[in-house]
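This report describes one protein model together with its ligand. It begins with the contacts of the ligand and then turns to salt bridges and the surface.

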Amino acid sequence: MSKLVIVGTVAFDAIETPFGKTDKILGGAATYIGLAASHFNIDAAAVSVVGGDFPQKYLDLLSNRNIDISGIEIVKDGKTFFWSGRYHNDMNSRDTLVTELNTLENFNPVVPENYRDAEIVMLGNLHPIVQSSVLDQMVTKPKLVILDTMNFWMDIALNDLHNVMKRVDVITINDEEARQLTGEYSLVVAARKIQTMGPKYVVIKKGEHGALLFHNDAMFYAPALPLEEVFDPTGAGDTFAGGFAGYIAKTGDTSFENMKKAVIYGSTLASFSVEKFGTERMESLKSEDVHNRLLQFKQLTQFDINLS
Ligand code: AMP
């Protein structure tokens, strides 16, 4: 088992989907990643920042799941990062309505002393300079660094993003962002181009159409579980990343073969996250639910074909 460091936002979100609308609820990349990774019973720590307006019960939610929160700074007179988004009818695309960085603007992450030798580092969606500064604090070279990012950072900090990309092994990115980053429409060509930018493993998330894993000329595809109802896709990408990183940390195996399984775990956990608004479904998720859905996943993708 390896130690896992998670960096990302811990946030308030306000979400609109065709099914309804929420007030400010718990959100943030590190929150979703932490909730997903906690299913692997690993030694994990979250590094983030919140304001004095952030309820203690939300922090307790992570620590009750064995996520070390000593690296979550609380700025007493500051406000927590706030994001608001509205989904289109197809639920695969959304508009960002508000991004208030607040305490994130002057955030200097501090990795807790006892996690600076973590083997696995999950750089959740954040300013690429903040992501880089987490890597600077590691006292031993991590076995695997995974980076997640989004179009927001491509728009305002592209050079910094390129710098951090040179320092990571895996990138998880959605299809539109892969196209924006490379200027290529074909995801196969985009993934090849991204591999020349740093990460040797590229995961392209395609929402309800699953996820692709690329490494050199090898490619692996995991569908998303077809669900009757998708309530709120917010955090699906982060939940996927948390499942991926958590599984790698648990197994300590960073081979391509094992990453395929990590993609399946990521997709499975993400399929729960979208069933309710915000983090609600991930909060009630039991390991037997995960097990049963993995069986469903296996049935969905397995077939016997005689090719002789
Ligand atoms: P996802 O749906 O996986 O892309 O992630 C949604 C989460 O990302 C929400 O809970 C937001 O709080 C968080 N988020 C939105 N915009 C940003 C941003 N620019 N930087 C970091 N986190 C963000």
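An oxygen atom of the ligand is 2.7 Å from an N or O atom in the side chain of Asp238. This is a polar contact, defined as a pair of N or O atoms within 3.5 Å; within protein, one must be able to donate a hydrogen and the other to accept it, and residues adjacent in sequence count only if both atoms are side-chain atoms. The model is predicted: local features need pLDDT of at least 70 and side-chain atom pairs pLDDT 80 or more, while totals for chains, interfaces and linings use all residues. Residues are numbered from 1 along each chain as its sequence is written, and side-chain values use heavy atoms, with hydrogens and water left out.

**The ligand and its shell**

A polar backbone atom of Gly237 lies 3.2 Å from an oxygen atom of the ligand, and an N or O atom in the side chain of Trp153 is 3.4 Å from a nitrogen atom of the ligand. On its own the ligand has 510 Å² of accessible area, of which the protein covers 94%. Accessible areas come from the Shrake-Rupley method with a 1.4 Å probe, and for residues only the protein chains shown count as cover.

How many residues surround the ligand? The shell has 19 residues, and the closest are Asp13, Gly28, Arg94, Gly235 and Asp238. A residue counts as near if one of its heavy atoms lies within 4 Å of the molecule. At least two shell residues each come from strand 2 (11–17), helix 4 (151–156) and helix 8 (236–251). Helix 8 gives the largest share, three residues. Helices (H or I, at least four residues) and strands (E, at least two) are DSSP runs, numbered from the N terminus. By class, nine shell residues are nonpolar, seven polar and three charged. Here Ala, Val, Leu, Ile, Met, Phe, Trp, Tyr, Cys and Pro count as nonpolar, Asp, Glu, Lys and Arg as charged, and the others, Gly among them, as polar.

**Salt bridges**

A salt bridge is a side-chain nitrogen of Lys or Arg within 4 Å of a carboxyl oxygen of Asp or Glu. By this rule the model has eleven salt bridges, including those in the table.

| Salt bridge | N to O distance |
|---|---|
| Asp148 and Lys205 | 3.1 Å |
| Glu257 and Lys260 | 3.1 Å |
| Glu275 and Arg281 | 3.0 Å |

Asp148 and Lys205 meet in a salt bridge. This pair links distant parts of the chain, with Asp148 in strand 10 (residues 144–148) and Lys205 in strand 12 (residues 201–205), 57 residues apart. Asp148 is buried because its relative accessible area is 3%, under the 20% limit; exposed means over 50% and partly exposed in between (1.4 Å probe, protein chains only). Lys205 is also buried, at 12%.

Glu257 and Lys260 both lie in helix 9, three residues apart, or about one turn of the helix. Lys260 is partly exposed at 21% relative accessibility.

Glu275 is partly exposed at 23%, whereas Arg281 is buried at 13%. Salt bridges with shared partners join Glu275, Arg281, Asp289 and Arg293 into one network.

Ser271 is found in helix 9 (residues 256–273) and is buried, with a relative accessible area of 5%. A polar atom of the Ser271 side chain lies 2.6 Å from the backbone oxygen of Thr268.

Phe303, in the segment after helix 11 (287–301), counts as exposed because its relative accessibility is 67%.
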